[in-house]
Amino acid sequence: MLRSSIKYTTNLKTFSKSTIKCYSTEVSEENLLKTPLFDSHVALGATMVPFAGYSMPVLYKDQTHIQSHNWTRKNCGIFDVSHMLQHKINGPNTTKFLEKITPTDFHALKPYQNHLSVLLNKNGGVIDDTIITKHADDSFYIVTNAGCREKDIAFIKEELKNFPGGEQINHENFDGTLLAIQGPKSQEILSKFTTSNLKDLYFGNSRFIDLQGFNTDEKFHVSRGGYTGEDGFEISIPNNKVGVEFFNALLEYDEIVKPIGLAARDSLRLEAGMCLYGHELNDDVTPIEASLNWLVSKSRRGDSSTANFNGASKIIEQINNPKSVSYKRVGLTSKGPSPRHGNKIFSAEDPSKQVGIVCSGSPSPSAGGNVAQVFLDKPYNKTGTKVKVEIRGKLRDAEVAKMPFYPTSYYKSP
Amino acid sequence: MFTRSFFKLTTSTTTTTIPKNRINFINLIRLQSTFKLNNNSIVSNYSKSPILKFTNEHEWISIHPDGTGFIGITNYASDALGDATFIELPIQQIGEEIKNGETISSVESVKSASDIYSPVDGKIIEVNEKLDDSPDLINSDPMGDGWIVKIKIDNNDPTLNDLMDVDSYKTFVENSDH
């Protein structure tokens, strides 16, 4: 019975072959990369699985998936996200360069503010989603997905080559320990290790902080936010000795802190309505089709002097003329068997008519029932519309629902 | 602001690594006691002399002298699956004949859905409706009150002898862990 019944279907054009390839790179077990915390995960009894070329913890000993999920919503969960790709980019016209490859207004961003963004190809499709932090004019820190590592590096290199003055822009990647500290008790925990007052570090902002007790005067980049819908931080520690010691020190507070693996990371982000590259996003999906209109800054929707990013003509047309958009990413809820990635969606009135496909879906530990993010053709994408999802050969009832499925709790500035 | 445990921890710089095969070994010790039926449950005490068999898909069947069988998933499978959230029961197939290898149920967790195949030919006579309200029985007592389907076994099923006994299944699990 352990044969999983979830099968990846590639019937709709929205699931391009390149996307599937991006996330299914065959790597034999001994060739898997290890994060600096690999030994710690093994010592904690984690179940390690291949993910994006790395051996990553999916679940830790003595916790079930649902316990890990609920723990993060109530207390504090620590996620090793060191597999993600960190970049530094700076030099003359870096802002202009980033505004060529993303639809974000980086002039408007203040230093140490960040923004969710997307790297765009010339057709307006999403090469990757990313958090970009401004450190100063023409100096930025970027985090992209591990599964798109090679693709992203090649893309940025090629774009720099074609960008006038691109040779003066310095782009480099760096390794290290990257930790996500997530949940309502995150500030309480991180405050035990730093003299920085975290009370005035709000969602979408970052700073360099000290870490006390690790024999180092270095300062480490910490941003407020994350991938669970909860309050939290992501901290980048290039010094791996400090990274490993800090991870272990956090776990000493075991009444509040637990290590959390990829299984709960996925169910938490799904409930929060966040996209996972390769599921909700891929090279053929525009940010508008992915219902990420808000990522296209208002100031970049004008004429060709502002709307000059890759794929702008298509994306601006989709914003100005919604009828030109044939499908959208929306939420779906159901009871009983859960919709899963690749399940086909049919019209409730005409069950022979396919009207969409499931990007991600699972039972929802926090919201109850099943939740899914799906691509649905118009006009079936309206909230409250009843549809049918084909699960194990049978059509099951589901309904279009608003996202997020579980309310987010970000620490926003008053 | 800084607790004592904080300093205690940060002075130790080494981490202990347990080799992977060692973890499997520890798991196996725990599993040695988990290859049997819950003797206080109907799957075992339906008759005085049930025979327990396994499949390589980690289903079990308890076969009773009158030809009645109870089917479920093993403790090993239950552990691997994690928290069960929903069990799809073949409620509309009660009274129908099914063949060995056909899907009779699906067990879902947050991260996956797994099909359950019938280990034998026979007729479905009952499903465990308790699982509708308590899917967690699949985790708490998979080889007892978490049974899934009750079946009247077709005595002429030529594949009955292909099923594994407990020793074969133990060996199978040990080998599949490496």
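This is a predicted model: local features need pLDDT of at least 70, side-chain atom pairs count only at pLDDT 80 or more; totals for chains, interfaces and linings use all residues.
- β12, which covers residues 232-237 of chain A, is mostly covered, since six of its six residues are buried.
- Gly232(A), Glu234(A) and Ser236(A) point one way from β12(A), while Phe233(A), Ile235(A) and Ile237(A) point the other way, and the residues on both sides are buried.
- One partner of β12(A) is β11 (residues 219-224) of chain A, and these two strands pair in the antiparallel sense over four bridges.
- Another partner is β9 (residues 177-182) of chain A, which also pairs with β12(A) in the antiparallel sense, in this case over six bridges; within this pairing, Leu178(A) has Ser236(A) as its bridge partner.
- As background, the strands of a sheet pair through backbone hydrogen bonds, and the pairing can be either parallel or antiparallel.

**A cavity in chain A**

- The count of cavities of 30 Å³ or more comes to one, and the largest cavity holds about 30 Å³ of space.
- Among the residues that line the largest cavity are Met56(A), Phe79(A), Ile260(A) and Arg265(A), and the lining divides into five nonpolar, one polar and two charged residues.
- β2 (54-59), β3 (76-80) and α8 (262-271) of chain A each supply at least two residues of this lining.

**A loop residue and a recorded domain in chain A**

- Pro164(A) is found in the loop between α5 (149-162) and β8 (170-174) of chain A, and because its relative accessibility is 67%, Pro164(A) counts as exposed.
- Although Pro164(A) and Phe97(A) are 67 residues apart in sequence, their C-alpha atoms are 9.1 Å apart in space.
- An unreviewed UniProt entry lists residues 328-406 of chain A as "domain: Aminomethyltransferase C-terminal"; in the model this span is 0% helix and 54% strand, with its end C-alpha atoms 20 Å apart.

**A pocket lined by both chains**

- The second largest pocket holds about 470 Å³ of space, and of the 19 residues that line this pocket, the closest to its centre are Lys394(A), Arg396(A), Glu88(B), Leu89(B) and Pro90(B).
- β19 (394-401) of chain A, together with β4 (84-88) and β6 (103-109) of chain B, each supply at least two lining residues, and β6(B) gives the most, with four.
- By class, the lining of the second largest pocket has seven nonpolar, six polar and six charged residues.

**The sheet and recorded domain in chain B**

- Three strands of chain B form an open sheet in the order β4-β6-β7, with antiparallel pairing.
- β4 and β7 (113-117) of chain B stand at the edges and have a single partner strand each, so one side of each is left without a neighbour in the sheet.
- From one strand to the next, the twist of this sheet averages 20°.
- Four bridges join β4(B) to β6(B), and Glu88(B) stands opposite Ser106(B) in β6(B).
- For residues 68-152 of chain B, an unreviewed UniProt entry gives "domain: Lipoyl-binding"; the chain over this span is 18% helix and 41% strand, and the end C-alpha atoms are 5 Å apart.

Methods: Residues are numbered from 1 along each chain as its sequence is written. Chains are lettered from A and ligands numbered from 1 in the order in which they are written. Side-chain values use heavy atoms; hydrogens and water are left out. On a 1 Å grid over the protein atoms alone, a cavity is a set of points where a 1.4 Å probe fits but cannot get out, and a pocket is an open set with protein on both sides within 12 Å along at least five of seven lines; lining residues have an atom within 4 Å of a point. Grid points are joined across faces, edges and corners, and a volume is the space filled by probe spheres set on the points. Ala, Val, Leu, Ile, Met, Phe, Trp, Tyr, Cys and Pro count as nonpolar, Asp, Glu, Lys and Arg as charged, and the others, Gly among them, as polar. UniProt positions are given in the numbering used here, feature names are shortened, and annotations may be inferred rather than shown by experiment. Two strands pair if DSSP finds at least two bridges between them. Axes are lines fitted to C-alpha atoms, for helices over the stretch in contact, and angles run from 0 to 180 degrees between N-to-C directions. Buried means under 20% relative accessible area, exposed over 50%, partly exposed in between (1.4 Å probe, protein chains only).
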